[in-house]
Amino acid sequence: MKFASTLVVVLFLMATTTFAAGTKDNAKSENYALLISNPKHIKVAVMTAKELFDNAKFKTQHFEIVVCGKAVQALLMNNELQPEIEKGMSLGISFKACNISLKKAKITPDKLIKGVMVVPNGLVRMFELQNEGYHTIEL
């Protein structure tokens, strides 16, 4: 009986140690978001996202770039930053345009690069992402 109890305890400890080791190796994926109001920061944002995706220690699952203010001009089709934005999309980056900024700039969503999504308010979107556990910063 004592042998059986000892065996159960040993098996339990081995299972717990194995589970803990597996959990450490499989740390949860992380999500990141950047708020951009200056179009000059789009290239840096895409470069940063690529580095996070490429570096295994970050375990990046999703990366979102929220564009507000005058930077929404950079999301127009046929502009000089379109190749950079499309490169970012091919890496898995989501681009979101602030509808308040679009209206102020008199830009309609049909003029945006294909794949750019519109959110009602870019700042509120950042708060939503923070509530969802995203790591967020503003450039």
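Leaving aside neighbours within four places in sequence, with which residues is Val66 in contact?

1. Basis. The structure under discussion is a predicted model, and the points below should be read accordingly.

2. Contacts of Val66. Beyond the neighbours within four places in sequence, Val66 is in contact with Leu34, Leu35, Ile36, Lys96, Gly122, Arg125, Met126 and Leu129. The residue itself belongs to strand β2, which spans residues 60–67.

3. Burial of Val66. The relative accessibility of Val66 is 0%, and the residue therefore counts as buried, the threshold being under 20% relative accessible area. As for the protein overall, 35% of its 139 residues count as buried.

4. Separation in sequence and in space. Val66 and Cys98 lie 32 residues apart in sequence, while their C-alpha atoms are 7.2 Å apart. For the protein as a whole, consider the contacts between residues at least 6 apart in sequence: 72% of these join residues at least 24 apart.

5. Element order. The protein contains 5 helices and 5 strands. Read from the N terminus, the elements follow the order α-β-α-β-α-β-α-β-α-β.

6. Surface. Val44, Met47, Ile137 and Leu139 make a nonpolar surface patch of about 330 Å².

Methods:
Residues are numbered from 1 along each chain as its sequence is written. This is a predicted model: local features need pLDDT of at least 70, side-chain atom pairs count only at pLDDT 80 or more; totals for chains, interfaces and linings use all residues. Side-chain values use heavy atoms; hydrogens and water are left out. Helices (H or I, at least four residues) and strands (E, at least two) are DSSP runs, numbered from the N terminus. Buried means under 20% relative accessible area, exposed over 50%, partly exposed in between (1.4 Å probe, protein chains only). Contact means heavy atoms within 4.5 Å. Patches are made of residues with over 30% relative accessible area and no salt bridge: like charges are joined within 9 Å, nonpolar side chains (Val, Leu, Ile, Met, Phe, Trp, Tyr) within 5 Å. Accessible areas come from the Shrake-Rupley method with a 1.4 Å probe; for residues, only the protein chains shown count as cover. A salt bridge is a side-chain nitrogen of Lys or Arg within 4 Å of a carboxyl oxygen of Asp or Glu.
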